[in-house]
Amino acid sequence: MRNLSEIRSDIDKIDSEIIELFKKRMDCAKEVGIYKKSQNTPVLNQDRENDILDAVEKKGGEYGAHARLLYSNIMELSRALQHNIVGSGKGLKTVIANAEEQFPSENIKVGYQGIKGANGHEATLRLFPNGTAVNYKTFSDVFSAVDSGEINYGVLPVENSTAGSVSTVYDLILRHRFYIVGALDLPIDYCLAGLNQSEFSDIEKVWSHPQSLSQCANYIAKNNFDSSPCSNTAIAARDTATEKRLNVAAICSYKAAEEYRLKILDNHIQDNDVNTTRFIVISKKLYIPENANKISLCFSLPHVTGSLYSLLCRFNSLGLNLTKIESRPRQDKGFEYLFYLDFSGNVHSEDVIALISQLSEEMPEFSFLGNYCEMQ
């Protein structure tokens with residue numbers, strides 16, 4: 001048996017050979033890119049890649065699956081090089097170049113779901129203190145109002161640190177493909193609010209939005225409360241005030257309790273002390289501030305084994321931090337999915353614009369949703 005130093009010496013020699021061969025292969029990939037540019041040929045040739053990967057796996061013997069993974073990554077890197085040579089994503093680059101930096105924040109109408117006192121209302125006031133807040137019954141109504149031009153922007157929750165994603169909103173994002181031009185992380189602090197005549201010991205049932213009930217699930221179980229969903233936390237507060245039932249309380253914001261003149265029966269009842277909801281701003285027009293720090297994309301994936309891994313490989317190769325990936329079932333095709341993805345970055349970076357330009361050419365149903373700032 002050889003000792004470890006002898007084995008490592010061989011590994012170092014082999015690695016040196018692999019590096020030189022890799023450089024030669026990338027030089028060939030560069031030549032291919034130049035040829036494809038001259039012939040106006042698409043960069044991706046999926047059939048050829050599949051044939052190569054099948055052959056590599058077969059030749060790899062007991063390491064066949066590992067060899068396939070290695071060559072899959074090499075092909076991703078080769079393709080990225082070729083995309084840069086042929087200048088992929090010209091249309092997307094034009095759209096981004098023509099985007100204005102700052103969206104108007106005065107003399108505008110901004111829509112949110114719910115009524116006055118809702119978390120969406122609070123987020124709207126923080127994001128647009130000089131705008132006119134307009135309430136809508138459903139998330140879909142907000143999208144429709146933006147689409148028709150009835151309002152300039154919509155403010156919508158997309159995820160909560162405790163309850164997770166707001167799936168309905170993600171479905172609407174993927175359906176409408178409006179731009180995201182801003183975001184806000186809003187701390188959420190809930191109280192238990194009832195009639196002025198009620199005491200905590202009277203409460204048997206709580207009303208709130210399903211997400212809010214989820215964010216207070218442990219509290220509800222601990223106190224043996226029955227729960228009923230409402231379309232909004234502020235609506236729960238309003239209905240608690242109008243229904244006048246001593247045994248019912250709303251789980252709502254302090255502003256909603258004040259707005260509907262309810263009595264605070266318990267404080268800070270969310271299960272997570274750092275409970276936060278992320279809101280986004282949607283717009284039909286693209287705005288990209290110079291200091292934008294988050295990018296959102298949506299797309300479907302090619303029907304190729306390992307396509308999601310290959311996509312993530314590209315982000316990893318550039319050291320880009322993915323902050324969100326959400327898959328949603330397609331309504332028109334069974335067991336097929338659309339993907340929503342957030343990552344940290346700015347389109348003024350050469351690496352970033354090159355990456356999303358490449359993806360725009362290869363990913364089916366690709367949409368660049370925006371590059372924006374996230375407020376805390």
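The open sheet I will describe has 4 strands in the order β13-β14-β12-β15, with antiparallel pairing; strands are DSSP runs of E of at least two residues, helices are runs of H or I of at least four, and both are numbered from the N terminus. Two strands pair if DSSP finds at least two bridges between them. This is a predicted model, in which local features need pLDDT of at least 70, side-chain atom pairs count only at pLDDT 80 or more, and totals for chains, interfaces and linings use all residues. Residues are numbered from 1 along each chain as its sequence is written, and side-chain values use heavy atoms, without hydrogens and water.

At the edges stand β13 (322-329) and β15 (367-372); each has a single partner strand, so one side of each is left without a neighbour in the sheet. Strand β12 (residues 294-299) pairs with β14 over 6 bridges, in the antiparallel sense. Within that pairing, F343 in β14 is the bridge partner of I295.

Helix α13 (residues 350-362) packs on the sheet and touches β12, β14 and β15, where contact means heavy atoms within 4.5 Å.

Let us turn to one residue of β14. D342 lies in this strand, which spans residues 337-344. Is D342 buried or exposed? D342 counts as buried because its relative accessibility is 0%; buried means under 20% relative accessible area, exposed over 50%, and partly exposed in between, with a 1.4 Å probe and protein chains only. Leaving aside neighbours within four places in sequence, the contacts of D342 include R278, K294, I295 and Y372.

Note on methods
Axes fitted to C-alpha atoms, helices over the stretch in contact; angles between N-to-C directions.
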